[in-house]
Amino acid sequence: VERGLHVRIYAPYGPLIPGMGYLIRRLLENTSNDSFLRHSFVENVPEETLLRNPLETTHGSMGGWEHGGAEALGNGRKRGADIAEPEAAHTPTPPHSTPEFHNEPETDFAVAENRERMAEAIARVRAELGRRYPLVINGDEVNTDEVLTRPNPSNAAEIVGVIAAAGPKEAECAIAAARAAFPAWRDTPAGERADILFRTARVLRRRRFELAAWEVLEVGKPWRESDADVAEAVDFLEYYGREMLRLAEPRRRDIPGERNEYFYEPRGVAAIIAPWNFPLAILTGMTSAALVAGNTVIMKPAKQSSIIASRLMQAFQEAGAPEGVLHYLPGPGEVVGPALVEHPDVALIAFTGSKEVGLGIYASAARVVPGQRDIKRVIAELGGKNAIIIDDDADLDEAVPGVLASGYGYTGQKCSACSRVLVLDSIYDAFVGRLAEAARSVKIGPAEDPGTMVGPVVDAGARNRILRYLNIGRQEGNVLVQVDPGPLTDQGYFVPPTIFTDVSPEACIAREEIFGPVLAVIRVKDLDEALAVADSTLYALTGGLYSRSPGHIARARREFRVGNLYINRKITGAQVDRQPFGGFRMSGIGSKAGGPDYLPQFLVPRTVTESTLRRGFAPEVEV
Ligand code: NAD
């Protein structure tokens, strides 16, 4: 204090038992393998290492150093004090000087200036509400008689915009244009294609607050999650751009007298069919992967998030995406979806959405129609029924907020959301008691209110479906906590976040994806039973374990078979590159988004072998 530095002293205060618990927790933290105190006092790590600039240690070698800092922020993403600001959208990035990939920092809304900028962005976007949005086919704006009208989920009387709705005729035009543009785009150097992604990333960074504001108003996503969605979209652009540069280098396996080359080519026309819940990130991820690989793309957003998608279209255009290469085709899924999926000239379908729609697409894409040359490649990322196991020695200070954040984040409308909590018998009552207290304090409100933890659900259809499940839940378990949204219910699509206890693993609310703020708490005898119940649904997307036992953690690593397993942290908020995302079984076919196996799905590998024994001298020709 004398030196003018901030000093914070923690002192347990109050009843003895929680106080002791607090001290034990500090002891555990300070003695953990990653603790600064342990490194300095026990392991005698040199001061220079301990005091190294964290920026130098954040990549690869970071290990546990992030734990006390970034992890405490909730989702592990580094926070920047502020947002990187505009750069000229058209500066080309030379492919070989591309810097290493870094995740885009989230906005720190504790900084007053950032809060002001977000509030201003919402006001600016509000001034634009009610506009009409045409399709974009081959660079032309196309209006249609049919339209989609999008209300603000937080306040259904407010119309966010009116979007042209494509039908089979428009799909046909877009596919014809995409097909015509394919050969030239295929033969465009990968570095140039990647540059378009990098430039699009710059446009998104520049318009970051505005895009987040559109998400707040169009899909009812609260501030922080909208901001994180924009950051993730930037990550996909930066990551897949780099991935393509990596894959563009042909692999050579020459022996004397024989030249062998292995390289990739794009597949053709790609239909990108996206959900609304990560309205910018998922659409950007699938679209940018298809584009940078050299496919031409028809972008079909969900009807609930078509305006944000139009902003993305604009960003790609500003970044120089050629006209025939990318088309914006919003419309009702059941009309324009089949027109794309069943078309003989579509070679690839990248879909993210529900199991029902995804399996339908998989089946119809398998039917070969006259004129079709490709066996269609389907990449389908589907739903989940994700469980978190609470072990008997779990740290409840971590587990309770982790479960709530995983279950209630974006009103439970994440494919990764927790919807089942499997609690070991001996800790069941203690956990449930604390979960109830925490859940009662959840603040429900409109998405544009920065204090909102739980906002509305996306539309009336989602609300009605969730309300039906709440009725079923009342027969299948006991209501532990249900927070009434009160008068908000008359204004927007609000549902009461609800926790059911004493639910049987066979119950409908324990097996079916609800896609809302509904948690089923299930009592299990031990870890064996917990793992068996965790594995008993059709899905295998995300899962989590709160435990202090190294043995149990090791078992979960092996036996908790889901696409993304999280230990002692929340189960949502996967990061591009660090936690490539996606599941298996009925959670999808496709390799994890944001990971090294994703891009090859959009490509066809080819091998060329040439015998060079008797050709005499031939100069090397660039191919
Ligand atoms: P959805 O299946 O209703 O719609 C997804 C897309 O498919 C939309 O663009 C829709 O218009 C289109 N569509 C609808 N009917 C179609 C048809 N017959 N043919 C072709 N396209 C059609 O899903 P949603 O409500 O937008 O999203 C929520 C679902 O997505 C949840 O099940 C969630 O778990 C899943 N999801 C999965 C992931 C993942 O990475 N695994 C990520 C996000 C969402």
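Trainee: How many aromatic pairs does a search of the whole structure find?

Mentor: The search finds ten aromatic pairs. Keep in mind that this is a predicted model.

Trainee: Why is the pair of tyrosine 133 and tryptophan 214 called edge-to-face?

Mentor: Look at two values: the ring centres are 6.5 Å apart and the planes stand at 90 degrees. Centres within 6.5 Å make a pair, and planes over 60 degrees apart count as edge-to-face. With an angle of 90 degrees, the pair is therefore edge-to-face.

Trainee: What makes this pair a tie between parts of the chain?

Mentor: Tyrosine 133 belongs to strand S1 (residues 131-133), whereas tryptophan 214 belongs to helix H8 (residues 208-219). Those parts are 81 residues apart in sequence, so the pair ties them together. Both tyrosine 133 and tryptophan 214 are buried.

Trainee: How do you know that the charged end of arginine 523 sits over the ring of tyrosine 428?

Mentor: One part of the test is distance: CZ of Arg must be within 6 Å of the ring centre, and it must also be within 35 degrees of the ring normal. Here the charged end is 3.9 Å from the centre of the tyrosine 428 ring. Arginine 251 likewise lies over the face of tyrosine 262, at 5.1 Å from the ring centre.

Trainee: Why is valine 400 called buried?

Mentor: Its relative accessible area is 5%. Buried means under 20%, so valine 400 is buried. You will find valine 400 in helix H14 (residues 396-408). Leaving out residues up to four places away in sequence, valine 400 touches Phe431, Arg434, Leu435 and Ala438.

Trainee: What volume does the largest cavity have, and which residues lie nearest its centre?

Mentor: The volume of the largest cavity is about 90 Å³. Its lining has 15 residues, and Gly412, Lys414, Ala417, Ser419 and Phe515 lie nearest the centre. By class, that lining has six nonpolar, six polar and three charged residues.

Key: Residues numbered from 1 in each chain as written. Predicted model: local features only at pLDDT ≥ 70, side-chain atom pairs only at ≥ 80, totals over all residues. Heavy atoms only, no water. Phe/Tyr/Trp six-rings, centres within 6.5 Å; stacked < 30°, edge-to-face > 60°. Helix = DSSP H or I, 4+ residues; strand = E, 2+ residues; numbered from the N terminus. Buried < 20%, exposed > 50% of the residue type's maximum accessible area, 1.4 Å probe, protein only. Contact = heavy atoms within 4.5 Å. 1 Å grid on protein atoms, 1.4 Å probe; cavity = no way out; pocket = protein on both sides within 12 Å on 5 of 7 lines; lining within 4 Å. Points joined across faces, edges and corners; volume = space filled by probe spheres on them. Nonpolar A, V, L, I, M, F, W, Y, C, P; charged D, E, K, R; others polar.
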